[in-house]
Amino acid sequence: MAVSHQDRVGRALELLVRGAKPFVERELQTAYGDRWIETVQASLRSQRDVPKSSGDVFTWDAQLVLIVMTEHWNQVFRQKLGPFERSLLSELREFRNSWAHQREFNFDDTYR
């Protein structure tokens, strides 16, 4: 059976989380030290955004990675990433939200 565009985007988001998580955690720890978890939790806007945690470790998903990177851009991620990456981050958030709300993706959307 052929893989749907929705499934391909979902898989890409899973790979994004797997690849970005170590970088995101490392940069947050560098910027905020031992209080990075509390700092991230305090920056989240609603209970819906608060990740379930196991001990001191976040349960990262695409939404959390993208929100945290956006919310902590100036304090943390701007030091290593530039305007191009900031633009990609915004585009990824938009695509992730479309995927989560089950918007249909065509070939061009999926390829992008």
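This report describes the helix packing, the nonpolar core and a few individual residues of a predicted model.

**Overall make-up**

The secondary structure of the protein comes to 5 helices and 2 strands, and along the sequence these elements follow the pattern α-α-β-β-α-α-α. Of the 112 residues of the protein, 31% count as buried. When contacts between residues at least 6 apart in sequence are considered, 58% of them join residues at least 24 apart.

**How the helices pack**

Two packed helices are described by the angle between their axes and the distance between the axes.

| Helix pair | Angle between axes | Distance between axes |
|---|---|---|
| H1 and H2 | about 100 degrees | 9 Å |
| H1 and H3 | roughly 40 degrees | within 9 Å |
| H3 and H4 | roughly 145 degrees | within 10 Å |

Helix H1 covers residues 5-32 and helix H2 covers residues 36-43, and they pack at an angle of about 100 degrees, which makes H1 roughly perpendicular to H2. On the H1 side the contact is made by Glu-25, Leu-28, Gln-29 and Tyr-32, and on the H2 side by Trp-36, Thr-39 and Val-40. Sorted by class, this contact of H1 with H2 has 4 nonpolar, 2 polar and 1 charged residues.

The axes of H1 and H3 cross at roughly 40 degrees, so H1 is oblique to H3, and the crossing of the two helices is left-handed. Here H1 contributes Leu-13, Leu-16, Val-17, Ala-20, Phe-23, Val-24 and Leu-28, while H3 contributes Ala-62, Val-65, Leu-66, Val-68 and Met-69. The contact of H1 with H3 has 12 nonpolar residues, with no polar and no charged residues.

H3 also packs on H4, with axes that cross at roughly 145 degrees in a left-handed crossing. In this contact Ala-62, Gln-63, Leu-66, Ile-67, Met-69 and Thr-70 of H3 meet Leu-89, Leu-92, Arg-93 and Arg-96 of H4, and the residues divide into 6 nonpolar, 2 polar and 2 charged.

Which residues of H3 are buried? They are Ala-62, Leu-64, Val-65, Leu-66, Ile-67, Val-68 and Met-69. Because 7 of the 10 residues of H3 are buried, this helix is largely enclosed by the rest of the structure.

In soluble globular proteins, nonpolar side chains tend to be buried together. In this model the largest nonpolar core has 26 residues, of which Val-24, Leu-28, Trp-60 and Phe-77 touch the most other members. The elements that give two or more residues to this core are H1, H2, helix H3 (62-71) and helix H4 (83-100).

His-72 lies in the loop between H3 and H4. Is this residue buried or exposed? His-72 has a relative accessible area of 3%, and it therefore counts as buried. Apart from neighbours within four places in sequence, His-72 is in contact with Leu-28, Tyr-32, Thr-39, Val-40, Ser-43 and Phe-77.

Ser-98 is found in helix H4 and is likewise buried, with a relative accessible area of 14%. Once its neighbours within four places in sequence are left aside, Ser-98 is in contact with Arg-103 and Phe-105.

**Exposed loop residues**

Gln-79 is placed in the loop between H3 and H4, and at 56% relative accessibility this residue counts as exposed. Gln-79 and Glu-27 are 52 residues apart in sequence, yet they are 9.5 Å apart in space, C-alpha to C-alpha.

Gln-102 is found in the loop between H4 and helix H5 (107-111), and because its relative accessibility is 64%, Gln-102 counts as exposed. Most residues other than glycine have a negative phi. Gln-102, although it is not a glycine, has a positive phi of about 60 degrees.

Key:
Residues are numbered from 1 along each chain as its sequence is written. This is a predicted model: local features need pLDDT of at least 70, side-chain atom pairs count only at pLDDT 80 or more; totals for chains, interfaces and linings use all residues. Side-chain values use heavy atoms; hydrogens and water are left out. Axes are lines fitted to C-alpha atoms, for helices over the stretch in contact, and angles run from 0 to 180 degrees between N-to-C directions. Helices (H or I, at least four residues) and strands (E, at least two) are DSSP runs, numbered from the N terminus. Angles under 35 degrees count as roughly parallel, over 145 as roughly antiparallel, 65 to 115 as roughly perpendicular and the rest as oblique. Contact means heavy atoms within 4.5 Å. Ala, Val, Leu, Ile, Met, Phe, Trp, Tyr, Cys and Pro count as nonpolar, Asp, Glu, Lys and Arg as charged, and the others, Gly among them, as polar. A nonpolar core is a set of buried Ala, Val, Leu, Ile, Met, Phe, Trp, Tyr and Cys residues joined through side-chain atoms within 4.5 Å. Buried means under 20% relative accessible area, exposed over 50%, partly exposed in between (1.4 Å probe, protein chains only). A crossing is left-handed if the near helix is turned anticlockwise from the far one by less than a right angle, and right-handed if clockwise.
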